[in-house]
Amino acid sequence: MAARAGAVALVSGLAAASVLSGAGTALADGTPQTQGGATATINGLKVYGQAVIHENGADLPVSAGLFEMSVDGGGTLQTYCVDLHNPTQRDARYQETSWSGTSLGGNKDAGRIRWILQNSYPQVNDLAALARQAGASGLTEQDAAAGTQVAIWRYSDRAKVDAVDPQAEKLADYLERSARDVAEPQASLTLDPSAVSGRPGDLLGPVTVHTNARGVTVTPPADAATSGVRIIDKTGKVMTSAKDGSRLYFDIPEDATDGSAQLTVQASTTVPVGRAFASESRSQTQILAGSSESTVSATASATWAAEGAIPAVSARTDCAKGGVDVTAVNKGDRPFTFELMGAEHTVPAGATRTVTVPLQEDHPYDFTITGPNGFNRRFTGVLDCKTQGTVTTKTTQTLSEPTPLTVPGTTDNDLAATGGSAITPLIAGVAIGLVVIGGAALVILRNRETEQTD
């Protein structure tokens, strides 16, 4: 019989999930699971100009332009914001992710945003040529960054926003008018699936490498020398490197005790323009505009047992469903029973089941799924699927150390960040029509009243 291994708890108003299954001891992995790719820390707004948000007859100034991120392991990213109503937090950590895990997943114009990125600054660094295309008399880097960000906001947030500089505004109008639908870019590096399971003596997998890098290095489990676990291809060759499309297998010794292991792949590559970056600190979602050669990585785990339930569990944000899809695969000979959000779910032997965990917008989640033989998988993040009405004074003030709004005369190391309609009542009490809350500059939906003139 299955025994309860844990109970559901609440973390920041969201579910912390535990699993019901048999007892046992083996390797456990409590490290948060990610989709792979680049992981980076935001450094600040580096190249920017000024824009004005129009809301309810008020004009609200905000800085608009390129952010810079430092990649873990080496590399630099340039990004624009696609999440106007959330604040940008100082030193927030970001993870490369698919559009489906962000507000872009439900945005029919996400492909137009990618077109803008491909056809404007910094991908197009010939500013004279860009100005001619836009019908502008000239563009500085600051104008180009501001105009590009304004055009993106019009599609990402349906914002009524204008660039202050007339030439930047011409660029924004040109980009908005010219944008065409472009497909979502390939991930820089992922492994699919990210979790497999089976019996000792079997090949567990395959785990397929998806990457735009020329090649990746393959690192076997840390205890491979003593456990005997190898990472091989279908011919039995030990894999120390791989490429896009390579299929990797965990080779588990027949006499191995019940347990688990993890492999890592890593590469150096440029991250494709248009990839989304989401933060676990509810810092506003970013979209990639440029990348140096950067370090990217991904992991996959394997679980094995001689008998009983043998689970492999993965999770992925699904903004269309407003939650996280938890997929459980059971390669064992007994049912795998677990609990999520107070509901019990059972995966029959040899079957797969996906359960969607509904989550509250803009709040962090942290849940752990445990199972037989010490099985343990932790999933963390923030559901950030909407671009309107999600910021409140309370939630903003609980975030990281405040960062002032970047306005003319301040240093460019400050982050321009935004709040939402939930704090609109505060605006009336501020003479300049701007509130700085939790380090975030208030940004509201665009409501252009008149066309900007030269």
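1. Contact here means heavy atoms within 4.5 Å. The model is predicted. In it, Val265 touches Leu189, Leu191, Val216, Thr217, Val218, Leu248, Val296, Ser297 and Ala298, leaving aside residues up to four places away in sequence.

2. Val265 belongs to the largest nonpolar core, which has 87 residues. Along with Val265, the residues with the most contacts inside this core are Tyr80, Tyr121, Trp153, Leu248 and Phe250. Helix α3 (residues 141-156) gives the most to the core, with eight residues.

3. Another core, of 20 residues, lies apart from the one above. Its members include Val324, Val355, Leu359 and Leu383.

4. Ser279 is worth a separate look. The residue lies in strand β18, which covers residues 276-279. Ser279 counts as buried because its relative accessible area is 8%, and the cut-off for buried is under 20%.

5. The side chain of Ser279 has two polar partners to check. A polar atom of this side chain lies 3.0 Å from the backbone oxygen of Arg93. The side chain of Ser281 is joined to that of Ser279 by a polar contact of 2.8 Å. Not counting residues up to four places away in sequence, Ser279 touches Ala92, Arg93, Tyr94 and Val382.

6. On the protein chain as a whole: the chain holds seven helices and 30 strands. Of its 454 residues, 56% are buried. Among contacts between residues at least 6 apart in sequence, 72% join residues at least 24 apart. The accessible surface comes to about 18,000 Å², and carbon and sulfur atoms account for 49% of that area.

Technical notes: Residues numbered from 1 in each chain as written. Predicted model: local features only at pLDDT ≥ 70, side-chain atom pairs only at ≥ 80, totals over all residues. Heavy atoms only, no water. Core = buried A, V, L, I, M, F, W, Y, C linked by side-chain atoms within 4.5 Å. Buried < 20%, exposed > 50% of the residue type's maximum accessible area, 1.4 Å probe, protein only. Helix = DSSP H or I, 4+ residues; strand = E, 2+ residues; numbered from the N terminus. Polar contact = N/O pair within 3.5 Å; in protein donor to acceptor, adjacent residues only side chain to side chain. Areas by Shrake-Rupley, 256 points an atom, 1.4 Å probe, with all protein chains shown as cover.
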